[in-house]
Amino acid sequence: MEEKNTCPLCDRPLGQAVEMHHLIPKSQGGRETIPLHPICHRKIHALFNEKELAKRFSTIEALRQSEEISLFIEWLKGKPADFYRKTKPKGGKRRR
């Protein structure tokens, strides 16, 4: 599988900032976590609600097969490990 110091979502080296992502949200009974870049973690949560994550996107493979995530990963290629840009919610509107 991936190296410990590599983001499992985008395959770039992890930087100083790392966030832990529950593959199945805690609210849906999940316990397992994986380390992600903050930008990768925020993108996942901007695109999918907790029920979608639990039912359809509870693995890295399933997330990567999402068209939005696939395009996001392609856009991130070559960017530094600690690169960060604010993530817009799905549809470009800010959540309240």
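Helix H4 is followed by Gly 78, whose phi is positive, near 85°; helices here are DSSP runs of H or I with at least four residues, strands are runs of E with at least two, and both are numbered from the N terminus. This is a predicted model, in which local features need pLDDT of at least 70 and side-chain atom pairs count only at pLDDT 80 or more, while totals for chains, interfaces and linings use all residues. Residues are numbered from 1 along each chain as its sequence is written, and side-chain values use heavy atoms, with hydrogens and water left out.

- In H4, which spans residues 67–76, the buried residues are Ile 69, Phe 72, Ile 73 and Leu 76, where buried means under 20% relative accessible area, exposed over 50% and partly exposed in between, with a 1.4 Å probe and protein chains only.
- These four lie on the same side of H4 because they cover an arc of only 100° around the axis, the arc being that of the directions from the helix axis to the C-beta atoms.
- The buried residues of H4 pack against helix H1 (38–47) and helix H3 (60–65), whereas the face turned away from that buried side carries the exposed residues Glu 67 and Leu 71.

**The aromatic cluster**

- Phe 72, Trp 75 and Phe 83 form one aromatic cluster; rings of Phe, Tyr and Trp (its six-membered ring) pair if their centres lie within 6.5 Å, and planes under 30 degrees apart count as stacked, over 60 as edge-to-face and the rest as tilted.
- A search of the whole structure finds three aromatic pairs, and one of them joins Trp 75 to Phe 83 edge-to-face, at 5.6 Å centre to centre with 65° between the planes.
- Trp 75 is partly exposed, with a relative accessible area of 35%.
- Lys 79 lies over the face of Trp 75, at 4.5 Å from the ring centre, and also over the face of Phe 83, at 5.6 Å from the ring centre; a charge sits over a ring if NZ of Lys or CZ of Arg is within 6 Å of the ring centre and within 35 degrees of the ring normal.

**The segment after H4**

- Ala 81 lies in the segment after H4 and is partly exposed, with a relative accessible area of 23%.
- Ala 81 and Arg 12 are 69 residues apart in sequence, yet 6.5 Å apart in space, C-alpha to C-alpha.

Notes: Contact = heavy atoms within 4.5 Å.
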